[in-house]
Amino acid sequence: MEVAKVENVSRVYRVGEVETYALRNVSLTIQNGEFTALVGPSGSGKTTLLQLLGCLDQPTSGRVFINGQEVSRLNRDQRADIRKGHIGFIFQFFALIPTLTAYENVEMPLLLNGMSARQRHERVMELLKAVDLLDRKDNRPDQMSGGQQQRVAIARALAPNPSIVLADEPTANLDTTNGEQVMTLMTRLNQETGVTFVFATHDPRVIRYARRVITLRDGTIAENGTGPAN
Amino acid sequence: MRNYLKMAYRNLLRHRRRSALSALALAIALALLVFMAAFFKGEMRSSLEDTLRLSSGHLQVRDIDYDPDKSSVAWGYLIEKPSEVAAKIASLPPVRTATPRLFASGIVSVGQDSAGVQIIGIEPDSEANAPYRQGLVAGEFLTAEDRNGIVIGTPLAESLGLQVGSTLNLLVNTAEGTVDEQTFTVRGIFSTGSSNYDKGIVLLPLAKAQAFSGAGDRASIIFVLLEDREQAQAVASAITGAAYKVLTWQEMNELLVLVNDFSNAYITFLSLIILGVTVTVIVNTMLMAVFERTREIGILAALGMKGRQIITLFLTEAALLALGGVAVGLLAGGALSAYFGRVGIYFGDLGVSGMIFGDRIYPYLMLDDVLRLSVTAFLVTLLACLYPARLASRMEPVEALRAEK
Ligand SMILES: Nc1ncnc2c1ncn2[C@@H]1O[C@H](COP(=O)(O)OP(=O)(O)O)[C@@H](O)[C@H]1O
Ligand SMILES: [Mg+2]
């Protein structure tokens with residue numbers, strides 16, 4: 001089943017008179033359960049593509065589908081609804097809400113989805129256990145290491161049972177050990193829960209984990225094939 | 001909602017001092033406003049009370065030709081057989097007391113010093129004289145038969161160096177348009193609480209005043225106090241007689257009544273100006289918060305939070321801030337008003353002519369002023385913070401996430 005699809009998508013940034021093609025006529029399909037790396041040098045369009053897949057941004061031309069539904073013509077609130085229900089994000093900086101504890105950060109998307117208190121509690125505990133941070137549940141982000149924060153972010157991304165988790169350079173700010181730990185965790189969650197992961201990276205050690213690798217160069221897909229982990 | 005509160009509360013705690021200062025700004029403004037309102041109300045209230053009990057009464061019955069500005073005792077201006085008229089009015093049930101009074105203009109002189117005064121002829125036994133009788137600071141009040149005694153106010157006694165037992169020379173403009181003169185002995189010195197009023201009057205027994213000024217058995221007005229002043233109109237229409245005109249306290253004190261009625265509008269107007277200035281401080285704080293939290297707003301948006309919810313989040317924060325400010329402001333303003341409401345604020349003779357003001361102003365806090373001001377302060381803050389909140393809600397998640405990596 002297709003979780004996400006982009007069709008002939010271009011994204012042009014205009015800064016003053018200058019037009020930059022961040023993506024140029026990209027077409028791509030992501031199947032359910034994939035564990036896919038988006039690779040390419042800095043500036044090749046990885047982040048832009050993830051933002052389009054994640055309904056954070058809209059293409060200049062072309063169409064984007066999530067679970068078969070076209071999302072490229074939706075308004076702000078409708079896109080927020082798609083993100084809330086279907087998409088999990090993991091960012092390069094550990095994008096947690098600084099005033100909330102690990103527990104509360106994971107709980108946030110569940111609150112937005114209107115889940116009952118008891119279900120929320122169960123789900124948050126289950127996820128914190130899965131990322132091995134139960135003992136850190138009452139810590140604020142500034143009381144945790146980068147690796148721990150990124151694991152909380154992974155738990156949060158998975159909380160609403162999304163169709164797809166998009167991770168933009170999730171290990172770029174981590175040391176090797178923590179980076180490996182995060183990748184192992186994502187791999188395990190992908191295998192155990194079947195949730196689709198697409199992650200952008202230019203780190204060869206991270207690419208090792210991918211079962212499919214899509215290479216971007218100057219806003220176009222240069223290579224599209226199976227990855228080392230397949 | 002609980003979660004909005006939790007987040008808003010914690011966000012405020014991130015910059016404790018900044019939040020506290022913003023709330024304090026609102027608190028100070030509100031305290032000031034509450035105190036001002038209490039002061040204004042107290043002043044207006046006492047001014048009206050003093051005017052009614054000292055000068056205008058609740059009703060006055062006058063001769064149809066009477067001119068209050070002339071203070072003339074020419075017969076054509078006066079009511080004949082005033083005691084009978086007063087007795088008739090006093091028999092109406094809502095009337096507490098009705099008594100004739102004669103006003104004449106005169107000059108008090110002691111040695112080289114002199115002062116223009118209004119001579120008021122009163123029935124000494126009337127209940128309507130309570131403010132003077134109870135206000136005696138020295139000596140005794142007049143009796144009806146007294147033919148040489150006079151009662152004066154403290155400011156006059158002080159400026160002319162008079163004490164109980166001193167004599168003074170009094171000049172009067174008579175009914176025939178001439179001047180008469182006689183020596184009187186000071187029997188008592190009173191203070192009604194309004195030096196401004198007290199300095200300009202002297203009291204004589206009605207019979208003496210009538211004889212002295214040549215008014216005969218006549219009076220300028222019948223001074224009427226009611227059990228309930230709201231009855232004034234009803235009682236006025238019950239008093240008949242083609243030779244009279246009857247004025248209610250509202251008619252006699254139009255300006256004061258008008259100021260009183262408009263005081264709410266006036267206070268509200270003033271409060272909007274003061275709050276407008278204060279609220280910029282809070283809006284500024286909120287704007288800083290929005291810009292500092294650009295990335296956080298992006299994260300929340302990425303998680304699926306909608307514009308409306310982001311507005312709610314920031315407004316909750318503003319509401320907490322406003323609530324804190326309002327609470328502290330109310331306490332401070334209430335305490336100030338209560339304290340000065342008890343001890344009063346001394347102004348002395350403000351020198352305003354044509355109006356009676358007490359020497360001490362006692363702020364008077366009314367619940368509806370407190371409520372109106374608090375609600376206004378709260379709503380104005382929220383309304384103003386709609387701007388930063390909307391700004392936050394309109395941020396594009398992508399832009400917000402890119403901000404300052
Ligand atoms: N907001 C923006 N405004 C202008 N240009 C942008 C913006 N975002 C990205 N770009 C440009 O688009 C291209 C692709 O950027 P990006 O998707 O961030 O690449 P990557 O994530 O692979 O480094 C780059 O040339 C970048 O400069
Ligand atoms: Mg990037």
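In what order do the strands of the open sheet with mixed pairing stand in chain A? The order is β6-β7-β8-β3-β9-β10, 6 strands with mixed pairing.

## Basis

This is a predicted model, where local features need pLDDT of at least 70 and side-chain atom pairs count only at pLDDT 80 or more, while totals for chains, interfaces and linings use all residues. Residues are numbered from 1 along each chain as its sequence is written, chains are lettered from A and ligands numbered from 1 in the order written, and side-chain values use heavy atoms, without hydrogens and water.

## The mixed sheet

Helices (H or I, at least four residues) and strands (E, at least two) are DSSP runs, numbered from the N terminus. Two strands pair if DSSP finds at least two bridges between them. In the 6-stranded open sheet of chain A, β6 (87-90) and β10 (220-226) stand at the edges. Each has a single partner strand, so one side of each is left without a neighbour in the sheet. From one strand to the next, the twist averages 15 degrees. Angles run from 0 to 180 degrees between N-to-C directions, with axes fitted to C-alpha atoms, for helices over the stretch in contact.

Strand β9 (residues 212-217) of chain A runs antiparallel to β10(A), joined by 6 bridges. R217(A) has T220(A) in β10(A) as its bridge partner. Helix α1 (residues 46-53) of chain A packs on this sheet, touching β3, β6, β7, β8 and β9. Contact means heavy atoms within 4.5 Å. The direction of α1(A) makes about 155 degrees with that of β7(A). Helix α6 (residues 176-193) of chain A also packs on the sheet. It touches β3, β6, β7 and β8.

## The antiparallel sheet

Chain A has an open sheet of 4 strands in the order β2-β1-β4-β5, with antiparallel pairing. Its edge strands are β2 (18-31) and β5 (69-70), each pairing on one side only. Strands β1 (residues 2-15) and β4 (residues 61-66) of chain A are joined by 5 bridges. S10(A) stands opposite S61(A) in β4(A). Helix α1(A) packs on this sheet, touching β1, β2 and β4.

## Where chains A and B meet

30 residues of chain A contact 27 residues of chain B. Between these chains there are 4 salt bridges (a side-chain nitrogen of Lys or Arg within 4 Å of a carboxyl oxygen of Asp or Glu). One salt bridge joins E104(A) to R10(B), with the closest N and O atoms 2.5 Å apart. On the side of chain A that touches chain B, α1, α2 (76-86) and α3 (102-112) each supply at least two residues.
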